[in-house]
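Hello,

Here is the structure we talked about. Please look it over first, then read the notes below it.

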Amino acid sequence: MMNYLFEPVQLQNRPLLYGPTSRSTTSYPGFYHWHQCCEILFIHQGNGFVIANQKTFEMRPGMMFFFQPFQLHKVYANVSEATPYVRTIMFFDPHYFNRALLPFRSRHAIFERLWKSVRHSEPLDFQPRLGFLEQVFAMYNDRYQTKNGLDEEEDMTILLLHILEAAAFTCPETRQQKDTAIEVRPFSYAERIMDWVEEHYAEGIHLEAIAERLHLSKFYISRLFQRETGGNLSEYITARRIKQACRLLQNSEYSVERISAEVGYPNVSYFIRLFKKVIGTTPLKYRTASRELE
């Protein structure tokens, strides 16, 4: 029997988690898994196959796989000293970049299709642009190792734009006429719940409102979320609010009272206790520590 594994990715209050290029020379059988966020897997070296959407694709240098949220996938690499498996992996919050890429209309359209299209499962063949992408990843590997700039959201957006640029020129099928509608894949219930939370996390959240949006019983919502993600809905809502609170503490001069209200906690004392429980320190100490690292 196939084991389905939900592997939550801790984005650490950042919109993109960049994994520097890694190399394996020992057995890499892979396993079936899925994430709550998007994943990009770029193959520098290696051969084997990737399973996604019940389809099998050949792995070879220059291939990029874009895994949508909740998309079950497995990577199997034939690995030896002579045939290493070299890859770059990154995880990111698609909602953040959906907003950040809005000024770049053609690249934003490609991103939306990769993220949402029901037809997207084919890997992108970047072999003609392999040299360009190798240079891009080498630059970000250097920044990652020196911790010089990779925490900046602007740099992360530029990194994704480099990838979309290669997609635009290498894979013209990802571009559609602007009057062509996207055939959007059916989102899982958990994704639809998270979309609702994304729109309303700053408000008072009640199961009745989510249930009405999805036309389901409020008693079924939490069980559905648990079943599809392996996590608790209330914990997800807390994580989403605390994540935004961290961004505001880092990037604004708002008072703790205002931030508490901005992320859906009108009771500031409760917010401070909850923030400390989740992050391990108070909001003010978190703000001071994060700015000392800049």
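This is a predicted model: local features need pLDDT of at least 70, side-chain atom pairs count only at pLDDT 80 or more; totals for chains, interfaces and linings use all residues.

Gly131 belongs to helix H3, which covers residues 130–146.

**Ser24**

Is Ser24 buried or exposed? Its relative accessibility is 14%, so Ser24 counts as buried; the cut-off for that class is under 20%. Ser24 is part of strand S1, residues 16–24. If its neighbours within four places in sequence are left aside, Ser24 is in contact with Val79, Pro84, Tyr85 and Arg87. With Arg87 there is also a polar contact, from side chain to side chain, at 2.7 Å.

**Helix H8 and its two partners**

The remaining notes concern helix H8, residues 233–251. Two helix pairs are described, and H8 takes part in each.

Take H10 to begin with, the helix of residues 268–279. The axes of H8 and H10 are 11 Å apart, and the packing angle is about 95°. H8 and H10 are therefore roughly perpendicular to each other, as angles of 65 to 115 degrees are classed that way. Which residues meet here? On the H8 side they are Thr238, Ile242, Ala245, Cys246 and Leu249, and on the H10 side Phe271, Leu274, Phe275, Val278 and Ile279. By type, the residues of this contact are nine nonpolar, one polar and no charged.

The other partner is helix H11, residues 283–292. Here the axes come within 9 Å and cross at roughly 55°. That angle makes H8 oblique to H11. The crossing of H8 past H11 is right-handed. H8 contributes Cys246, Leu248, Leu249 and Gln250 to the contact, while H11 contributes Pro283, Tyr286, Arg287, Ser290 and Arg291. These residues divide into five nonpolar, two polar and two charged.

Regards

Key:
Residues are numbered from 1 along each chain as its sequence is written. Side-chain values use heavy atoms; hydrogens and water are left out. Axes are lines fitted to C-alpha atoms, for helices over the stretch in contact, and angles run from 0 to 180 degrees between N-to-C directions. Helices (H or I, at least four residues) and strands (E, at least two) are DSSP runs, numbered from the N terminus. Angles under 35 degrees count as roughly parallel, over 145 as roughly antiparallel, 65 to 115 as roughly perpendicular and the rest as oblique. A crossing is left-handed if the near helix is turned anticlockwise from the far one by less than a right angle, and right-handed if clockwise. Contact means heavy atoms within 4.5 Å. Ala, Val, Leu, Ile, Met, Phe, Trp, Tyr, Cys and Pro count as nonpolar, Asp, Glu, Lys and Arg as charged, and the others, Gly among them, as polar. Buried means under 20% relative accessible area, exposed over 50%, partly exposed in between (1.4 Å probe, protein chains only). A polar contact is a pair of N or O atoms within 3.5 Å; within protein, one must be able to donate a hydrogen and the other to accept it, and residues adjacent in sequence count only if both atoms are side-chain atoms.
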